[in-house]
Amino acid sequence: KKKKKKKKKKKEDHRFKHYLEATANVANRRGLSNLLMATPVPVLRLPKGPDPNSRGFDPNSPRFIALCRTSIPTSAAAESDPVQLQEEQHARSVLRERFLRCLLAMTNKKVQFQMHEKVNVEATFGASDIDVLNFQVSDLHTPIGVQKEALIRCQDVISFTFDI
């Protein structure tokens with residue numbers, strides 16, 4: 001059995017090497033040799049949600065409700081007064097837009113995160129998921145070491161700062 005596995009592995013390695021050589025030949029013919037990667041790069045894949053479009057979790061699920069509660073509840077007075085409701089909705093949309101612009105400005109910048117238990121970490125900000133539940137960061141400097149790539153749960157972050 002071991003010999004069969006070794007033979008199969010060797011065959012797969014040979015196929016992969018052949019594939020890389022063929023790709024390099026095509027790129028060279030097209031004048032794209034400087035665009036080739038020397039080594040394969042691992043891809044970070046996040047788990048898919050139950051939604052068929054993989055856009056997140058069901059808003060009625062207990063998990064979504066627990067993680068994504070609104071921090072500013074709609075006041076009872078606003079529900080009865082349409083003018084006040086409209087003002088509140090406008091204020092929320094302005095705050096949301098400012099936050100999203102802030103996330104956009106943070107991209108590829110060093111960001112300092114202040115987290116629970118007085119833990120301070122620093123990382124290069126990459127992106128946020130669609131629900132803003134996680135931040136993807138690179139070169140995460142923590143008290144116990146450096147992580148090349150990481151996800152930071154937003155619920156663990158108290159505040160963050162970065163230079164503009």
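Colleague: Which residue takes a positive phi in the hairpin of β1 and β2?
Modeller: Glu117, with phi near 60°, in a hairpin that has three residues between the strands. Strands here are DSSP runs of E, at least two residues, and helices are runs of H or I, at least four, numbered from the N terminus. This is a predicted model, where local features need pLDDT of at least 70, side-chain atom pairs count only at pLDDT 80 or more, and totals for chains, interfaces and linings use all residues. Residues are numbered from 1 along each chain as its sequence is written, and side-chain values use heavy atoms, leaving out hydrogens and water.

Colleague: In what sense do β1 and β2 pair?
Modeller: Strands of a sheet pair through backbone hydrogen bonds, either parallel or antiparallel. Here β1 (residues 110–115) and β2 (residues 119–128) are antiparallel, over six bridges; pairing needs at least two DSSP bridges between two strands. Met115 has Val119 as its bridge partner.

Colleague: And how many bridges join β2 to β3?
Modeller: Five, again with an antiparallel run, β3 being residues 134–142. Ala127 sits opposite Gln136, and Ser128 faces Phe135. Five residues lie between these strands, and Val132 in that turn has a positive phi of about 55°.

Colleague: What is the strand order in the open sheet?
Modeller: β4-β3-β2-β1-β5, five strands with antiparallel pairing. β4 (145–153) and β5 (157–162) are at the edges with a single partner strand each, so one side of each has no neighbour in the sheet.
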